[in-house]
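Welcome, and please load the model in your viewer. We will go from stop to stop, with something to select at each one.

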Amino acid sequence: MQYISTRGGMQPLPYCETLLEGLAPDGGLAVPETMPTVDGETLERWRALTYPQLATEVLGLFATDIPRADLARMTAAAYEPFPEAVVPLRAIDDDLTLVGLSEGPTLAFKDMAMQFLGQVVEYALERKGSVLNILGATSGDTGSAAEHALRGKDRISVFMLSPKGRMSAFQRAQMFSLDDENIHNIVVDGVFDDCQNLVKKLAGDLDFKRAQNLGAVNSINLARITAQVVYYFWAWLRATDVGGWTEVSFTVPSGNFGNILSGFFAKQMGLPIRRLVLAANENNVLDEFFRTGVYRPRSAAQTLATSSPSMDISKASNLERFIFELVGRDASRVVSAWKDLDDKGHFDFTADLSRFIEEFGIVSGTSTHADRLATIEAVYDASGDIIDPHTADGVKVAREYVEPGVPMLVLETAKPQKFAETIREAIGVELEYPSELRAMLDAPQRTSEMADDEHELRAFIEANALR
Ligand SMILES: *Cc1c(COP(=O)(O)O)cnc(C)c1O
């Protein structure tokens with residue numbers, strides 16, 4: 001299996017080489033040259049597998065350049081920190097079942113992909129005999145998932161910028177309590193956009209980037225997308241009966257279109273998925289696109305800070321991979337859509353609107369702060385279950401698309417403990433923290449403070465990067 005760019009300008013590359021790159025050299029995103037497919041017999045055979053075994057099978061279709069035994073070792077190690085089921089399913093009422101993606105070390109679904117990415121990137125670096133210094137900016141979930149997945153690795157170090165005083169106490173503790181030598185938490189005197197701009201400036205300086213072996217593990221990373229495909233298969237196998245060729249629908253609380261894109265891959269691979277329901281919060285550029293066919297990204301200033309912060313996006317970096325399929329894999333049409341975006345601030349697929357549902361099964365909806373609170377309360381009253389604000393956005397929108405006879409699975413993208421304030425606001429409950437989380441909250445913290453200054457950051461990286 002080789003990977004090509006959505007913009008047509010990249011030599012086909014194998015999996016291990018693709019995952020060390022960010023954007024393709026032509027500015028596009030890596031996609032499989034042909035999507036692998038899975039037949040009914042294979043699906044039935046997969047019912048008996050554990051989560052790591054299933055991950056080996058699914059990822060084996062994408063990472064054909066990695067021997068099976070190596071892949072099996074990596075998936076076992078990646079999902080070892082999780083409870084035995086790895087991804088448990090639980091019904092909250094007759095209509096909806098939650099898919100528990102937040103059982104990992106940082107209590108959010110990003111662990112599902114990052115834990116595997118940590119394994120496979122280290123493996124690819126070993127094969128190449130090189131090292132990687134990961135430079136990123138975070139407002140919370142991504143940074144902590146990356147650090148917990150990459151801590152203690154020999155060939156990788158992490159330089160993670162975060163805005164001073166802008167993260168929750170829980171998020172700070174998750175990142176800053178790590179004392180591994182390869183983890184550098186850099187607290188910038190600025191807001192998240194300042195952090196991201198610093199990253200862009202350094203990553204845009206190609207000489208510096210090469211000299212310091214800089215890379216990224218952001219949401220466009222191919223290893224993350226492929227690792228996320230696994231749990232769609234897993235959830236389908238758990239939610240359907242042996243021999244039944246039942247379609248199920250998934251609702252996905254969405255931001256950068258990474259998670260739902262993996263569901264779209266699973267559907268293209270032949271998994272019987274009826275609807276992929278995209279749930280957005282108030283920053284609903286994607287809901288707008290799937291309802292109207294017009295995609296109009298917003299500026300940072302137009303992007304609201306909401307109570308489901310991990311879905312606060314202005315543009316959806318993975319959407320290009322969907323557009324590539326929408327235009328029949330014609331890279332020139334992808335390029336012209338992005339040219340429209342540059343020239344006019346939007347692109348327009350109104351003419352293809354009916355295909356969004358009929359061909360691709362994607363529908364969408366929006367949830368607001370009031371919806372979130374009401375949903376958390378309604379679920380709590382009905383089942384005693386406490387869901388996090390992002391999952392609540394999913395539950396709210398999922399209800400609009402429940403169909404008789406079609407199981408509706410809602411992805412639980414975080415645990416409520418990460419967002420205790422919103423839970424208190426919704427139901428007046430103080431969440432309890434298990435002892436290991438309390439210990440983390442009380443542990444000493446270690447950071448490097450820095451002004452919003454490119455030169456200071458360059459010097460810091462030069463002094464601390466792996467070579
Ligand atoms: C990252 C994140 C999302 C959004 O996922 P995308 O892949 O960016 O669409 C939703 N919920 C939580 C809790 C997250 O951390």
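For the first stop, a word on classes: Ala, Val, Leu, Ile, Met, Phe, Trp, Tyr, Cys and Pro count here as nonpolar, Asp, Glu, Lys and Arg as charged, and the others, Gly among them, as polar. With those classes, the shell around the ligand divides into five nonpolar, eight polar and two charged residues. Keep in mind throughout that this is a predicted model.

**Stop 1: the ligand**

Select the ligand and the 15 residues that surround it; the closest are Lys110, Asp141, Gly255, Asn256 and Asn259. Now show the polar atoms. From lysine 110, a polar side-chain atom sits 2.5 Å from an oxygen atom of the ligand. At phenylalanine 257 the backbone takes part: one of its polar atoms is 3.2 Å from a ligand oxygen. Threonine 413 places a polar side-chain atom 3.0 Å from a nitrogen atom of the ligand.

**Stop 2: helix H5**

Next, select helix H5, residues 110-128, and find glutamine 119 within it. Beyond its neighbours within four places in sequence, glutamine 119 contacts Met74, Ala77, Ala78 and Lys153.

**Stop 3: the five-stranded sheet**

Colour the open sheet with the order S9-S6-S7-S8-S16, where the pairing is parallel. Its edge strands are S9 (214-215) and S16 (448-450), each pairing on one side only. Zoom in on S7 (residues 156-163) and S8 (residues 183-188), which pair over six bridges in the parallel sense. There, leucine 161 has isoleucine 186 of S8 as its bridge partner. Then show helix H6 (residues 141-150), which packs on this sheet and touches S6 (132-137), S7 and S8, with its direction at about 160° to that of S7. Helix H8 (residues 192-204) also packs on the sheet, touching S6, S7 and S8, and makes about 145° with the direction of S6.

**Stop 4: the six-stranded sheet**

Finally, select the open sheet ordered S4-S5-S15-S10-S11-S14, whose pairing is mixed. S4 (89-91) and S14 (362-366) are the edge strands. From one strand to the next, the twist averages 25°. S11 (residues 273-280) pairs with S14 in the parallel sense over five bridges, and alanine 279 stands opposite glycine 365 in S14. To finish, show helix H17 (residues 389-399), which lies across S5, S10, S11, S14 and S15 and runs at about 165° to S15.

Notes:
Residues are numbered from 1 along each chain as its sequence is written. This is a predicted model: local features need pLDDT of at least 70, side-chain atom pairs count only at pLDDT 80 or more; totals for chains, interfaces and linings use all residues. Side-chain values use heavy atoms; hydrogens and water are left out. A residue is near a molecule or strand if one of its heavy atoms lies within 4 Å of it. A polar contact is a pair of N or O atoms within 3.5 Å; within protein, one must be able to donate a hydrogen and the other to accept it, and residues adjacent in sequence count only if both atoms are side-chain atoms. Helices (H or I, at least four residues) and strands (E, at least two) are DSSP runs, numbered from the N terminus. Contact means heavy atoms within 4.5 Å. Two strands pair if DSSP finds at least two bridges between them. Axes are lines fitted to C-alpha atoms, for helices over the stretch in contact, and angles run from 0 to 180 degrees between N-to-C directions.
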